[in-house]
Amino acid sequence: MDTSVVKAYRALHEAQNAISRAQTLDEALQEGLKIIIGNCAAGAGVIWYADKTAGDLLRPSFWVCSTDLTSRSHVPGEGAVGRVYQSQKAERYLTFTEGDDPWTVKDFAGIDVNAMLCVPFSSGDQLLGCIQFINKPDGSAFTTEEADVCEMMVILAGMALEDNENILPAWEPGRVVIRVRDVTREFQNGDTVTQVLKGVNLDVYEGEFLVLLGESGCGKSTLLNILGGMDHPTSGSFEVFGEEYANATQSQLTDYRRDNIGFIFQSYNLMPNLNAKQNLELIATLVDNPMSADEALEIVNLSDRKTNYPSQMSGGQQQRVSIARALMKRPRIIMADEPTAALDYTTSIEVLQVMERIVAEGTTMVMVTHNEEICRMADRVVRMRNGRMDEVTVNRRKAHATDLVW
Ligand SMILES: Nc1ncnc2c1ncn2[C@@H]1O[C@H](COP(=O)(O)OP(=O)(O)O)[C@@H](O)[C@H]1O
Ligand SMILES: [Mg+2]
């Protein structure tokens, strides 16, 4: 048999297995998308969901590519995605050049498009969205077998989970607070240069709970430190409310941090000879318009531990004091680097409940973790691999801290 047909069947078989293990339609489509990307070596893949509460506006809910698509959307009929959604028919755009077809794009979020595959998906009789693949490494078109497998995959995903779930409205991004483009970071030690960030493109939205997920060493802390103004990118752009900070001076970065950012680390860094309240009051002397120590301790649920010294508190309680300390200056954004990594399950949940409350009250949160379960609490999850943003999930089904299990 033709090898491309064998390959296509293999991909379908793999997708079928993944879909049978999936718990939700999102998960089924995401796993299917990744398998298809792997098998046809597509450069990028995106799942677009029609927002039934917004005139079927198609919004990206999951993507594998190195740009941030969060704010992108298509009305039905507009662009390849909107057209395919409206016609309910799969389309395989062959390699095309500018002007070939007035309603397809040559430029897709900075990616030069040479081939595209776009397939609508539904569950039961409800049309839900579109799945899109862009570019093959050799510049060729997607094959008919690849298009067939993709169509079969979305049918399987839709059937497997047909009656199981309500499709919830999409999460809507607020305004962009931080915008990072093509950010790299190299470290030089003697003659060796280590490239840690290799071109990150990411937006942080006001009020969101953003999780940066990834294996140890992939560059999460390096990226968080740049977002928080603790470090400079080697190249690329880092904008805060539209203002460029990539080449900011130390004192400009200090102002940025002081005015906007609260940090939480894995270690609590409390002063051992000061009690909980005194640790906070120390910070109050350093910032304008601080919150009262009592209020901050109330938010982290430690009003009854004000006079305890760090040695008289559990790890989770100490971490909550350090969160209270970060809250004292009423930061717009909290950068938290593995805040629960040193804690056991029960105390981790206590800390995450506090995080949940802080986000609910309007603070933007960027949290680094390698714990997959914590992703369920996030509005968006950015999975990093080897210094790059690799996958992004926009979460419609946010879990509470108390629902998490590990
Ligand atoms: N100051 C530095 N000098 C040299 N290498 C560094 C420095 N900081 C981080 N790295 C390297 O960059 C990589 C990513 O680090 P990091 O961002 O801390 O990863 P993560 O937080 O995802 O575990 C690691 O291999 C680390 O050794
Ligand atoms: Mg780290």
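Predicted model: local features only at pLDDT ≥ 70, side-chain atom pairs only at ≥ 80, totals over all residues.
**Stop 1: ligand 1**

Select ligand 1 and display the residues around it: Phe187, Asn189, Thr194, Val196, Gly214, Ser216, Gly217, Cys218, Gly219, Lys220, Ser221 and Thr222. Colouring these residues by class gives three nonpolar, eight polar and one charged. Next, colour the shell by secondary structure. Strand E8 (176-189), strand E9 (192-205) and helix H5 (220-227) each contribute at least two residues. The largest contribution comes from H5, which supplies three residues.

**Stop 2: helices H2 and H4**

Select residues 25-40, which form helix H2, together with residues 144-160, which form helix H4. Their axes approach within 9 Å and cross at roughly 165°. Because of this angle, H2 is roughly antiparallel to H4. The crossing of the two helices is right-handed. To view the contact, show the side chains of Leu25, Ala28, Leu29, Gly32, Ile36 and Cys40 on H2, and of Glu146, Val149, Cys150, Met153, Val154, Ala157 and Ala160 on H4. Sorted by class, this contact between H2 and H4 comprises 11 nonpolar residues, one polar and one charged. When reading such a list, recall that an α-helix has 3.6 residues a turn, so residues three or four places apart point the same way.

**Stop 3**

Move to Ala41, in the loop between H2 and strand E1 (44-51). Is Ala41 buried or exposed? Ala41 counts as exposed, because 11 C-beta neighbours lie inside 10 Å and the cut-off for exposure is 12 or fewer. A check of the backbone torsions shows a positive phi of about 50° at Ala41, although this residue is not a glycine.

**Stop 3: helix H3**

Select helix H3, residues 79-87, and highlight its buried residues Gly79, Ala80, Val81, Gly82, Val84 and Tyr85.

**Stop 4: helices H7 and H9**

Now select helix H7 (276-284) and helix H9 (315-327). The axes of H7 and H9 come within 9 Å and cross at roughly 25°. The two helices are therefore roughly parallel to each other. H7 passes H9 in a right-handed crossing. On H7, display Ala276, Asn279, Leu280 and Ile283; on H9, display Val321, Ala324 and Arg325, which together make the contact. This contact of H7 with H9 contains five nonpolar residues, one polar and one charged.

**Stop 5: two further loops**

Select Asn289, in the loop between H7 and helix H8 (293-299). Asn289 is exposed, because 8 other C-beta atoms lie within 10 Å. The phi of Asn289 is positive, about 50°, although the residue is not a glycine.

Finish at Gln312, in the loop between H8 and H9. With 12 other C-beta atoms within 10 Å, Gln312 is exposed; the cut-off is 12 or fewer.

Technical notes: Residues numbered from 1 in each chain as written. Chains lettered and ligands numbered in written order. Near = placed C-beta within 6 Å. Helix = DSSP H or I, 4+ residues; strand = E, 2+ residues; numbered from the N terminus. Nonpolar A, V, L, I, M, F, W, Y, C, P; charged D, E, K, R; others polar. Axes fitted to C-alpha atoms, helices over the stretch in contact; angles between N-to-C directions. Parallel < 35°, antiparallel > 145°, perpendicular 65-115°, else oblique. Left-handed = near helix turned anticlockwise from the far one by under 90°. Contact = placed C-beta atoms within 7 Å. Buried ≥ 20, exposed ≤ 12 C-beta atoms within 10 Å, placed from the backbone.
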